[in-house]
Amino acid sequence: MTYDYVEFLRGKLLDARTAKKPQRTEIQIEISVATLLGEPYHTISIDMITDRANIAHGTFYRYFDSKQAVVAKTSADYFAFVKATRPKIHGVSDLEAVKIGNRHYARCFRANVGLMRCHFQLKDEDDQIAAVGRRADRELSDRIMRRVTRQYEIPESALPQLRI
């Protein structure tokens, strides 16, 4: 099990060897973006993305309208990866399950510092990226709330205040 999103994408690209070219190209672009996000976002250009992905500019624009669009998709796919790789938790208390889930998130975030730094920097600048983060935050807080409310009686009126 890997926590590193770029490593995951590289494995996905290997598995896609027999897939159609558009699927492989999109993965190549996403790998390029995910690796470049270790750099300050505003210094990353479409040239850098296409050079790293070894594709032409026109090919990039067949898949994405802009740098913001590809970063938003990469962020959304990253959060889907984090969710999909969460350990399946059975036979422990709800609070222990929350701890296990939080450890998983922390490991993923630590292994993908550039992607997370970019996300936190851009969420105040870009509505599309902010929406991706809000959706991921909401899903996380809802999962935690479901676990906690199974164990403790929390008035329904208090739930909105406890959400992220």
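Start in helix 8, with Arg138 and Asp142. They sit 4 residues apart in that helix, so about one helical turn separates them. The two form a salt bridge, and their closest N and O atoms are 3.3 Å apart. Arg138 is partly exposed, at a relative accessible area of 41%. One caution before I go on: this is a predicted model.

How many salt bridges does the count give? It comes to 7.

Now a pair that reaches across the sequence. Lys73 forms a salt bridge with Glu30. The closest N and O atoms there are 3.5 Å apart. Which parts does this pair tie together? Lys73 is in helix 5, residues 67-84, and Glu30 is in helix 2, residues 21-36, so the bridge joins parts 43 residues apart in sequence.

Buried or exposed, what is Glu30? Glu30 has a relative accessible area of 5%. The cut-off for buried is under 20%, so Glu30 counts as buried. Lys73 is partly exposed, at 24%.

This pair also belongs to a network. Glu26, Glu30, Lys73 and Asp77 are linked by salt bridges.

Stay on helix 5 and look at Lys83. Lys83 forms a salt bridge with Glu139, with 3.6 Å between the closest N and O atoms. Lys83 lies in helix 5 and Glu139 in helix 8, residues 127-151, so this bridge ties together parts 56 residues apart in sequence. Both ends are partly exposed: Lys83 has a relative accessible area of 38%, and Glu139 has 32%.

The largest pocket holds about 280 Å³ of space. It is lined by 15 residues. Which of them are closest to its centre? Those are Arg86, Ile89, Ala97, Arg143 and Arg147. Two elements give two or more residues to this lining: helix 6, residues 94-111, and helix 8. Helix 8 gives the most, with 6 residues. What classes make up the lining? There are 7 nonpolar, 2 polar and 6 charged residues.

Now the second largest pocket. About 170 Å³ of space lies in it. Its lining has 13 residues, and the closest to the centre are Phe79, Phe109, Ala136, Asp137 and Leu140. Which elements give two or more residues here? They are helix 5, helix 6, helix 7, residues 113-122, and helix 8. Helix 8 provides the largest share of this lining as well, with 5 residues. By class, the second largest pocket is lined by 8 nonpolar, 1 polar and 4 charged residues.

One last stop, away from the pockets and on to the backbone. Look at Asn54. Where is Asn54 found? It is in the loop between helix 3, residues 46-53, and helix 4, residues 57-63. Asn54 has a positive phi of about 60°, although it is not a glycine. Asn54 is also exposed, at 69% relative accessibility.

To recap. Helix 8 holds the Arg138 and Asp142 pair. Helix 8 also gives the most residues to the lining of the largest pocket, and the largest share of the lining of the second largest pocket. Glu26, Glu30, Lys73 and Asp77 make up a salt-bridge network.

Conventions: Residues are numbered from 1 along each chain as its sequence is written. This is a predicted model: local features need pLDDT of at least 70, side-chain atom pairs count only at pLDDT 80 or more; totals for chains, interfaces and linings use all residues. Side-chain values use heavy atoms; hydrogens and water are left out. A salt bridge is a side-chain nitrogen of Lys or Arg within 4 Å of a carboxyl oxygen of Asp or Glu. Buried means under 20% relative accessible area, exposed over 50%, partly exposed in between (1.4 Å probe, protein chains only). On a 1 Å grid over the protein atoms alone, a cavity is a set of points where a 1.4 Å probe fits but cannot get out, and a pocket is an open set with protein on both sides within 12 Å along at least five of seven lines; lining residues have an atom within 4 Å of a point. Grid points are joined across faces, edges and corners, and a volume is the space filled by probe spheres set on the points. Ala, Val, Leu, Ile, Met, Phe, Trp, Tyr, Cys and Pro count as nonpolar, Asp, Glu, Lys and Arg as charged, and the others, Gly among them, as polar.
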